[in-house]
Amino acid sequence: IDRTYKFLLAEALVDFAYIVIMGCSSLINCGSPCASRTNTLAAQIVRFCFYDYLTSCFAINNILIEIFLSLERLFVISNNHFLQTLPFNRVILCINAFALVYYTPVLLLKRFLLVDNNDNGSSSYFYSRKNNPNCEELEQIVSSIEDAKYTLSVSCGMSAIALALSL
């Protein structure tokens, strides 16, 4: 099997795992009938670990595979076959490990935002990728520009695809 095909297959498997996780998310978070089940601390932790952390690691993993393939092509064009001599399994293992380790401090240091939570209905921001003042302001501006009643912003293209497919 062609080496490039193996990398693209690994990338497709990661995309498949992403779609399965997002599909499970849609089934578990079934709206108001499931509110008592999805608003618990355990559900928040599962949502954070699987739906936010793991899917972000998948995205970084695929970006790293694309970068590696691009570098490999560049090396071939420059008549240097160094990257082609690296074993596929070790490259994928290093990419996966890096994706898992790289995103941990980014997620824990930059994604949380503590805001006073009042009982008067003001919003609190637990995880800033999904619910933060910047996203709310963006949604308000787009709503005013498009003269729309509702607007929803998402963090990446895969999220937009998953959202469109779940409607």
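Predicted model: local features only at pLDDT ≥ 70, side-chain atom pairs only at ≥ 80, totals over all residues.
**View 1**
Starting at the N terminus, the elements run α-α-α-α-α-α. Helices (H or I, at least four residues) and strands (E, at least two) are DSSP runs, numbered from the N terminus. Of the 167 residues in the chain, 29% are buried. Here, buried means under 20% relative accessible area, exposed means over 50%, and partly exposed is in between, using a 1.4 Å probe and protein chains only. Take the contacts with a separation of 6 or more: residues 24 or more positions apart account for 58% of them. A contact means heavy atoms within 4.5 Å.

**View 2. The largest nonpolar core has 13 residues.**
A nonpolar core is a set of buried Ala, Val, Leu, Ile, Met, Phe, Trp, Tyr and Cys residues joined through side-chain atoms within 4.5 Å. Look for Phe7, Ile65, Phe68, Ile92 and Ile95, the residues with the most contacts inside this core. Helix H1 (3-28), helix H3 (41-77) and helix H4 (88-110) each supply at least two of the core's residues. Another core, of eight residues, lies apart from it, and its members include Val14, Tyr18, Leu54 and Phe58. As background, nonpolar side chains in soluble globular proteins tend to be buried together.

**View 3. Ring pairs join Phe7, Phe68 and Phe88 into a cluster.**
The structure holds two aromatic pairs. Rings of Phe, Tyr and Trp (its six-membered ring) pair if their centres lie within 6.5 Å; planes under 30 degrees apart count as stacked, over 60 as edge-to-face and the rest as tilted. The rings of Phe7 and Phe68 are tilted because their planes stand at 40 degrees, with centres 5.1 Å apart. This pair links distant parts of the chain, with Phe7 in helix H1 and Phe68 in helix H3, 61 residues apart. Both Phe7 and Phe68 are buried. Phe7 also forms an edge-to-face pair with Phe88, at 4.9 Å centre to centre and 70 degrees between the planes. Phe7 lies in helix H1 and Phe88 in helix H4, so this pair ties together parts that are 81 residues apart in sequence. Why does Phe7 count as buried? Phe7 counts as buried because its relative accessibility is 0%.

**View 4. Helix H3 has 37 residues and a kink.**
From its first C-alpha to its last, H3 reaches 53 Å, close to the 54 Å expected at 1.5 Å a residue. The expected span of a helix is 1.5 Å times one less than its number of residues. The kink in H3 is about 25 degrees and is centred on Arg47. The bend at a residue is the angle between axes fitted to the seven residues ending there and the seven starting there.

**View 5. Two glutamates, Glu72 and Glu139, are buried.**
Glu72 has its place in helix H3 and has a relative accessible area of 4%. The Glu72 side chain makes a polar contact of 2.6 Å with the side chain of Arg3. A polar contact is a pair of N or O atoms within 3.5 Å; within protein, one must be able to donate a hydrogen and the other to accept it, and residues adjacent in sequence count only if both atoms are side-chain atoms. Not counting residues up to four places away in sequence, Glu72 touches Arg3, Thr4, Leu83 and Gln84. Glu139, in helix H5 (residues 133-146), has 18% relative accessibility. With that exclusion of residues up to four places away in sequence, Glu139 touches Thr151, Leu152 and Ser153.

**View 6. Asn79 and Asp147 each have a positive phi.**
Asn79 is exposed, with a relative accessible area of 62%. Asp147 is not a glycine either, and its phi is about 55 degrees. Asp147 is exposed as well, with a relative accessible area of 73%.

Note on methods:
Residues numbered from 1 in each chain as written. Heavy atoms only, no water.
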